[in-house]
Amino acid sequence: MSDAKTFEQKMQRLEEIVKLLESGNVELDKSLALYEEGSKLANELTKTLSDAKIKIEEISTNNSK
């Protein structure tokens, strides 16, 4: 599992996972574990981006008043 904390670290780890899976040189068990980790990271990243979008919209709305 990844110890990535920041958005950027999570993105970097996800990119590493994708490269490993695309290489085709990973055993099935390891591929499944990587896929699971990548899916979790992708969900976390999507939530972070969604939260950021909401925050930006709130700031924009408050600044336009």
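**View 1. D29 sits in helix 2.** This model is predicted. D29 has 63% relative accessibility, so it counts as exposed, the cut-off being over 50%. T6 is 23 residues away from D29 along the chain. The C-alpha atoms of D29 and T6 are 27 Å apart.

**View 2. L28 is also part of helix 2.** Its relative accessibility is 61%. L28 therefore counts as exposed. Pair L28 with D51, and the step along the chain is 23 residues. The gap between the C-alpha atoms of L28 and D51 is 34 Å.

**View 3. S60 is another residue of helix 2.** S60 counts as partly exposed because its relative accessibility is 42%, and that class runs between the 20% and 50% limits. S50 lies ten residues from S60 along the chain. Their C-alpha atoms are separated by 15 Å.

**View 4. Helix 2 covers residues 28-63.** It holds 36 residues. At 1.5 Å a residue, helix 2 should span 52 Å. The C-alpha atoms at its ends are 52 Å apart, so the model agrees with that expectation.

**View 5. The buried residues of helix 2 pack against helix 1.** Helix 1 is made of residues 7-23. On helix 2, the buried residues are S31, L34, E37, G38, L41 and L45. Leucines on this list include L34 and L41. E37 and G38 are buried too.

**View 6. The protein chain has two helices and zero strands.** Its radius of gyration is 16 Å, well over the 11 Å that the globule rule gives for 65 residues, so the chain is more spread out than a compact globule. The C-alpha trace spans about 55 × 20 × 15 Å along its principal axes.

**View 7. Buried residues account for 15% of the 65 residues in the protein chain.** The chain exposes about 5,300 Å². Carbon and sulfur atoms supply 54% of that area.

Note on methods:
Residues are numbered from 1 along each chain as its sequence is written. This is a predicted model: local features need pLDDT of at least 70, side-chain atom pairs count only at pLDDT 80 or more; totals for chains, interfaces and linings use all residues. Side-chain values use heavy atoms; hydrogens and water are left out. Helices (H or I, at least four residues) and strands (E, at least two) are DSSP runs, numbered from the N terminus. The radius of gyration is taken over C-alpha atoms; the globule rule is 2.2 Å times the number of residues to the power 0.38. Buried means under 20% relative accessible area, exposed over 50%, partly exposed in between (1.4 Å probe, protein chains only). Accessible areas come from the Shrake-Rupley method with a 1.4 Å probe; for residues, only the protein chains shown count as cover. The expected span of a helix is 1.5 Å times one less than its number of residues. Contact means heavy atoms within 4.5 Å.
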